Every structure is written in structure tokens, then in C-alpha cells.
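Biologist: Could you walk me through this model? I'd like to start with how the chains relate to each other.

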Amino acid sequence: MQVSFTPAEIVTLVQPAQTRGATAETICGIGALATAGRGEISFLGNPKYRADVAACEASIILLPLDHEGEPKLGQLYLLIEQPSVALAQICSRIEQRLWPKPAPGIHPSSVIEPGATIAETAAIGPFCVIESGAHIGAGTHLQAQVFVGRNSRIGEQCWLMSGVVVATECFLANRVRLHPGVVIGSDGFGYEFVNGRHEKVPQVGTVEIESDVEIGANTTLDRARFSRTVIGEGTKIDNLVQVAHNVIIGRHCILCAQVGISGSTILEDYVVLGGQAGVAGHITLGKGAKSGGGAAITASVPAGKFVNGAPARAYMLERRLQILYQRLPELFKRVGELEEQLKLSSA
Amino acid sequence: MQVSFTPAEIVTLVQPAQTRGATAETICGIGALATAGRGEISFLGNPKYRADVAACEASIILLPLDHEGEPKLGQLYLLIEQPSVALAQICSRIEQRLWPKPAPGIHPSSVIEPGATIAETAAIGPFCVIESGAHIGAGTHLQAQVFVGRNSRIGEQCWLMSGVVVATECFLANRVRLHPGVVIGSDGFGYEFVNGRHEKVPQVGTVEIESDVEIGANTTLDRARFSRTVIGEGTKIDNLVQVAHNVIIGRHCILCAQVGISGSTILEDYVVLGGQAGVAGHITLGKGAKSGGGAAITASVPAGKFVNGAPARAYMLERRLQILYQRLPELFKRVGELEEQLKLSSA
Amino acid sequence: MQVSFTPAEIVTLVQPAQTRGATAETICGIGALATAGRGEISFLGNPKYRADVAACEASIILLPLDHEGEPKLGQLYLLIEQPSVALAQICSRIEQRLWPKPAPGIHPSSVIEPGATIAETAAIGPFCVIESGAHIGAGTHLQAQVFVGRNSRIGEQCWLMSGVVVATECFLANRVRLHPGVVIGSDGFGYEFVNGRHEKVPQVGTVEIESDVEIGANTTLDRARFSRTVIGEGTKIDNLVQVAHNVIIGRHCILCAQVGISGSTILEDYVVLGGQAGVAGHITLGKGAKSGGGAAITASVPAGKFVNGAPARAYMLERRLQILYQRLPELFKRVGELEEQLKLSSA
């Protein structure tokens, strides 16, 4: 991290209730208690690591108000009601320095087709292409090498990073954040089998992404066959996820990396899918349904249920089955012994 | 969808045998019977949804010739031999409006190296790079930010969307469609372990993609170690699929999203792989072999066989095993009871 | 392959101990014994294919010193101590012709922000963006359409192919090779659930990639929450792999395609993960640990252990369990017979 803070800047930022000790080190990193060293700040966010504080080499440590013990020489303790919140404040400040808001304007290298409209406060970096009829909202930032297709609309305060592709007629609301390489609005995967060949079914629907959605690097979202593929407000999607055509994802869902969702499936609000989970098409995951990583969800899941396994079952059932599966050698042995005993007894 | 049609345009397009009712609404969307509203068109493609027609709010409904019942006020029924075919006609028309064929020519921003040849009827969008010795065929469209490496050849009427990368010496036949972020011809993953380090095995083969292949967003196809990685005519590949070096895929195969195929494996014609299926290296999937989603195919599959599970087995066997797996608690109980009974009887 | 060699060039290159026969064909391809034809070179790398040599149609065949038998008319045998090594020499030569080292310099289309530093011997292709404070080392090649974010440092002799994105403040050592579409330094996937919404946890750490790392197409590596995500020296990562925030990968590891590694997990040196394997967060895979393809590794693995299955278990245990699983129909039958017999015997 090339961002740095003086101890005084940290104190001003987190406003500790009490300080112990002192340090002259400039802080240019954050580390866990076990690994942080000189010039870094650490914190006690979870009481179970309390014993690690004494040995920690960080120049500054954020600690809860009731923490006892004294800092080493050249070490500063900051006692504070919520060390985790204080750390988040510091991280936010670093974030602002790492990614300063670019000045509004359009880089002269970018290609803006006639009929595209770009808010005055938007910032368009180099080598972007914005096709005719597209709109870029106020305060939105296209980092570089971004493509926005014909008639697509990007709302306000969005952030589309390098290499993002938003195809024709897709719609993003406000504060949507797309990481590098995200593809929005590629064709759904639909063919009809005619005379030994797969004939393409036109995919003429759209993608709608509601406000406060964040989507991870190289994730792909297909446009609907007709109508819409939808990502609900506040939903967060990790890297390399596949969302097929006509999928409807509710609000505040979490899709971990490499999840795949087949066509026309519905995720209600607050669904959480572990990494590499796969979801069949044309089913519904009820509100707050959850899956473990790698689960293969082949049927609808009632609201609030936690499923796991491949094919996915109720979490506790799958856990029990896995334990019995591992006892198969024992079971075969017991059955063999029963057979032996019966042979003897019937002899 | 910002494309719209008047009712008269729809009637002209689908040529119904009979009409009932009338609407003044401009049609700017397509929806299922259960969800379509005013200003949208819907259709009865499958007789099992017949009961939904009466309640449907769409302004126009495409119906089979034998459909009984009357439209609501302001609603238009179009009776027609094959409502699904009529819908496809409408979708094709929308498709043409969404993606009008660009005018031939080379965007002045693009970099065409000396020695590259581009057909007069090809259309090269902004920020493309076409290296020396590469050829772009007649009617082919590079949307924007596309890279075509040295000596690669792209055939006629292909469509390479934004951010596609075709590396050095790869070959695409005609009407190949590559969605955004596709990478063709990255190095195969091959190393020799020498003195504790992985030494790279040069990957100097090519990729050949036959005609009428479509490849989904962010899918990757590795070049052969030597010789060729091949995708056969008419094969369709979904998003985020991995095809390793020296894989030979036959004609008219279907690879759903996130499938991975290991090196030197052969897929004969008409193979179908469900989403997230994984295929081991150096095996053969016979003509028309199929797998369920998430299957882990570790051995060759005879022609026409349907496999499932991890590791993959014959579909019906795996299904039966899954049912018995779920009955493990019962089996353990039954064995326990047998043991109890034998103890008693031998007592 | 548009690269070609005369037979004399091949002989000069591989320096055979003995030659038999002669050919006038120009060599413009490499093939396996079973498939190579005229104008191609083949080789006997593994003695078990010895019987295929006589039928091989290649114009030149590389053979071990003790090989008996005579070439066909117009065919040249080159007898040599290590045919595989000779083949590797030829491949390296082809590699140099396929990917000639570009001349140093910066393509005039690229955008180099003030404050970026680029070594004189670096080669920057078209449409690259190098932000302020970034550094590109000696001999490094950015192919085209590459993005290097603020303050990132790329070492010497690296090769970043088309469409690679290196976000802000990431660090690559020397001879790092990134295939097209790789994303380095996207945000880690971290949120806190506050009042029914997922609030973003700032991801302000970095990614550090040590020397001699190679990373496959469209793979994504997230930056740390704070501190570092690390890829150790000599590690090789295949296509479409996901490495989450704060993961620490040791030296000389192998991650096959579509592997996913969850946050804060540690891979010690020489770990090997099969394709599509998934690894849970906050665990450690010991030195030299291995997994089969598709394994779901949910707990730490001791050094040197080979695991497989979902959830992953010791390889031989999982293999035994899989065999017993497939014998479940038999086991149910045997238990039914026991029950029958006991009923009879107690009758």
C-alpha cells in the first residue's frame, strides 16, 4: 500500500476514548495481530484473539475499551468502543486515496456515437465506446476500455471498470459497480434442434440491474430470450458467476464465485449461494434460502431452507448421509458378519 | 426493449388466419401469458397453459387456430397455425432492429498492421487490433476492442463482439459468433517438472473453429500443444466454458455454461454436456453421449449413453444409487435391528 | 501452423546421432505417430508406442538411439538420445517464430499518464492504459488493450496479453505471463449485513505475484481486504480460476482450470489442484498436498496428502467409498435376504 498515515492522522480519524504509549512510525499497512509489523496498524476485532495482542509487533493497535495490558516501547494502543468500526473508517479513507474520484469529462480517445448522452458529471476514461442512444448518468465513472451498446442506460454514480461490456439495450440503475471483464447482456443460450442442427432462438430481451448491485470480475449475465433478466437491488455477485437468460434474482442476494444459475430460475430476496453452486433452470429458491459451496440445486427450495450436496438436500440430512456414507465399510462388514453368523446358526 | 411495433405491423408480419378483437396499443415487449401486460404481446406455445389465456393482460395474444374464447376489451387475438413460429418471426424482426448490420468499413481508431487483409464488406469497429498476416473475411463484423493476432484467419459473416481475443494463428470458418470476452488460442496448460520447478512446454499448435459455431461470453479455448484444438461445425458453447489444448469437439455439440474439458479429450458429434460438467483428459465421449449438470466424467462414454453424477455413471444407475444413498439411515437401522435380533436369538 | 522448416534445418537444430532415409518435404506441422502425415514431424517419446512407428506417415520421425527398423521411401528417421527433448527444441524454435519479441517502444495510440514510468526496453502495444505512478519493467511486453492501474508495478520480462487488467497498486515480479482477459486486483468479496442490506467492506489490500508465475485466460485474482493476496514464485494457474482475497499461494503450485479458492486460505509450496476443485476459506493445504478434479476441500489438508471427492477425503478412502456406494443395490438386497431368513428361522 503506497497510502500512508501519521499516527496523529490515525488518532484524528478514529477518535479513541483513550491512548496508551506512543509511536513515531508512519503507518503504511494494515495487518492481523499475528502478522502485522512495524509501520502497520492492527486491531482486536474478535475477543478470542485477545491473547495475541501482547506479542503483536504493529506500531498501532486498535483495542476495545476494556483491554488491559501495556504497549511495547514505540507502540501505540488506541482504546475505542468498536475497533472494527474504527478499522472500517481507516479503510474507507484508504479507499478514497486509492481510487480518488476522477474529474468529470470524456477522455479524448473515447468514441461517443451521435445520439449517446452523457451526464456532465460523468467521467469517461480512455478507449471507451458508447453507442448511439446510450445514456451515462450523473457521477458515473467508466474507467477505461468499456463498451456500452446501443440504447443501454447506465444510472447515476455507477462504476464500470476496465474491460466491462454492457451490450445493447441493458439497463443499470444507480450505484452499480461492475468489476473488470464483466459482460452484461450476452445472448441467452437457446437453440431449437431442427434437421440435425441447432437453430438459434433469437435472444431479444434485456438485462435490468437495480441499484446498489456489485458484480465481480469476468462474471457474465445473459439477456432474456424476450422480457428481462433481473438482478434485484443490493444483490452482490462475486467473480466468474454465470447468470442465464430470464433469471430473476431478488434483492440483497449473495452469489459467491463461480456460481451458475440456469435459465428462467427465480431467486427471491436474501438468497445466499456458496461458491461453485449450480442451480437448475425453471425453479424457485424461496426468500432467504441458502446453499453450501458446490451444491447442485436441482429442485425448488422453500423459503429459509439451507441445502447442501449434489444433488442438494436439506443441510442436516446431507450431513447425516455424508457421515453414514463414510461408515459404509463398517456397514458392509457388519452385514458380512450377520451372514456368517446366520450360516453358522442355520448349519 | 426500445423496439416497438404497431398492431398493424404485427398482423402484417405474422399473417394470422383469423383475428378477434382489436387494440390500439403500440407493442414494445413480449411476455409470458402469466406476466405480460398492456403494450406487450404474448402467445400460447404449449397447450398446457391454455387456461392462462383468459386472464392474460397482453394487448395481443398469438393463439392456435382451434382456440375458443373471446378477447377482453382493447385486446387482440391472432389465430395462427403455429404461434411459436410466429413469435420467432417477431423475435427475428426485433433482432434485426436491435443489431442492425453495420456499414462495411474500418473505424479510423483501429490499428491494422501492414500485411493484414480485410474484406471490403467487413465492418471493423473502434479500438480493434489486427496484426500482420491476419485476414478478416467478407461480411464479418468485429464490434469493438477486438484483438486478432498474427496470421489468424476469420472467415465470412462472423461476428466477434467487444473484447474478443483471437490469438496468433487461429482459424475461424464462416458464420462463427463469439460473445464478449471470448479468448481463442491462449496457451495450453502444460509443464514438465524439472529440478523442483515447472518448466513450460511450448504450446505451438492452433485452434480451428468450423462454421456456424457460437461461443458464449468469457469462454476460453486453448491452442494445441502442437497440431490443433478443434470445434466442429454447428457446435454451440455457452458462457465461461474451458476447452483445454488438443481437445477435438465434433459437430453440433452443446456445452452448457461453466463446463470444463481437459486436454486431448475427444467429443464426437452431437454430444451434450450439462452446466458445470467436468471431463477428464485423454478420453472419448461417443456420438450423442449426454451428461447431466455437474457430472464429473472420468472415463470414456459410449455413443448415445446418458451419464450423471460425480464420478459419472449411467444415468439410471446413478439415479438408483442416489435413492439408496438417501435411504442409508434406514439401512443402518435395519442392520442394527438384525444384530439385535440375532443377539436375542443366540442368547 | 504457418511456420515451416526444411529437413536440413531440423537436422541442424536437433543434431541427431544418426539419420536413416531422406525426405524432400518441407515440415510445417507436428503430429502424434498415429495421426501425423506428409510434411509433418513426429516422435517416439514413450516406448509403449514403438509399434506405431512403422505405420507412421510423418516425413520425419524423432526416435531413440536403439530404435530398429527402416523408414519408408521419402521418410527420414533421426535417431537421438532424447526424442522428447529434441521435440521441445523444435517447439521452442517455433515459439520464437510465432511470437517474435516485439521491438521496444510505446504504440502511439496508448495512453501513458504522467508519472508512469516505462523501461526503455519495454514494448507497449496499442490501446493500453498505464495510470500515474505505475511502472513497467525492462523487456516487459504489454500486447494490446492492457490496463495497468495507479501505482502498480510490473517487473522485468513479463508478458501481459490482450485485455489483461491489473488494477491499482498490484505488484508483479519478473517473467510473469498473464494470458488474455486475466484480472488482477479486483475487489475481494466482503460485506457486512447491516439493517437488511449488505454493506461493502472496503478492499484496500494488494496482490503480489512473484517471479515466473503464469496465469491462464480470464482468471481472476482478488486484492486483499487489507494486507496482500500472494501468488508464490513459479506457480502456474490455468484458465477461469478464481483466487479470493487474502489467499496466500506458495511456490511452484499447479491450479488447473476453473479451480476456486475462498478467502484467506493458504496453499503451501507444491500444492496441486485438479480442474474445478473448490477450496473453502481460512484453511491450509500443506506442502505438496494434491486434489483430484472437482474435489470440494472443506478442511485443511496435511502436507503431502492426496484428497478427492465432495467433501474431499483421503484419496484411497474416497475410492473405496465410491466402490461401496456403487454396491449399495447389492447391500440392500443382502439385508433384505437376511431379514427374510430371520423371519423364516424365527417362524
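Biologist: What rotation puts chain A onto chain C, and with how much shift along the axis?
Modeller: Bearing in mind that this is a predicted model, a rotation of 120 degrees with 0.0 Å of shift along its axis superposes chain A on chain C, with an RMSD of 0.1 Å. That is the relation of a three-fold axis. The two copies use different surfaces, since 19% of the contact residues of chain A recur in chain C.

Biologist: OK, and how many residues of chain A are in contact with chain C?
Modeller: There are 52 residues of chain A in contact with 50 residues of chain C. On the side of chain A that touches chain C, the elements giving two or more residues are α2 (83-98), α3 (315-326) and α4 (328-346) of chain A.

Biologist: Which of them gives the largest share?
Modeller: The largest share of that side comes from α4(A), with eight residues. Divided by class, the side of chain A that touches chain C has 24 nonpolar, 23 polar and five charged residues.

Biologist: What about chain B, how many residues does the contact take from it and from chain C?
Modeller: That contact takes 49 residues from chain B and 51 residues from chain C. On the chain B side, two or more residues come from each of the strands β18 (183-186), β20 (197-200) and β23 (220-222), and also from the helices α3 (315-326) and α4 (328-346) of chain B.

Biologist: Switching to the fold, what is the strand order in the open sheet of chain A?
Modeller: The open sheet has twelve strands with mixed pairing, in the order β5-β8-β11-β14-β17-β22-β25-β28-β31-β34-β36-β37 of chain A. Its edge strands are β5 (105-106) and β37 (313-314) of chain A, each of which pairs on one side only.

Biologist: Do β25 and β28 of chain A pair in the parallel or the antiparallel sense?
Modeller: Strand β25 (residues 236-237) and strand β28 (residues 254-255) of chain A pair in the parallel sense over two bridges, and A:Lys236 has A:Ile254 in β28(A) as its bridge partner.

Biologist: Last one, which residues of α1(A) and α2(A) meet?
Modeller: A:Ile10, A:Leu13 and A:Val14 in α1(A) meet A:Ala86, A:Gln89, A:Ile90 and A:Arg93 in α2(A), a contact with five nonpolar, one polar and one charged residues. The axes of α1 (residues 7-14) of chain A and α2(A) come within 9 Å and cross at roughly 120 degrees, and the crossing is right-handed.

Key. Residues are numbered from 1 along each chain as its sequence is written. Chains are lettered from A and ligands numbered from 1 in the order in which they are written. This is a predicted model: local features need pLDDT of at least 70, side-chain atom pairs count only at pLDDT 80 or more; totals for chains, interfaces and linings use all residues. Copies are superposed by least squares on the C-alpha atoms of residues with pLDDT of at least 70 in both. Two residues are in contact if their C-beta atoms, placed from the backbone, lie within 7 Å. Helices (H or I, at least four residues) and strands (E, at least two) are DSSP runs, numbered from the N terminus. Ala, Val, Leu, Ile, Met, Phe, Trp, Tyr, Cys and Pro count as nonpolar, Asp, Glu, Lys and Arg as charged, and the others, Gly among them, as polar. Two strands pair if DSSP finds at least two bridges between them. Axes are lines fitted to C-alpha atoms, for helices over the stretch in contact, and angles run from 0 to 180 degrees between N-to-C directions. A crossing is left-handed if the near helix is turned anticlockwise from the far one by less than a right angle, and right-handed if clockwise.
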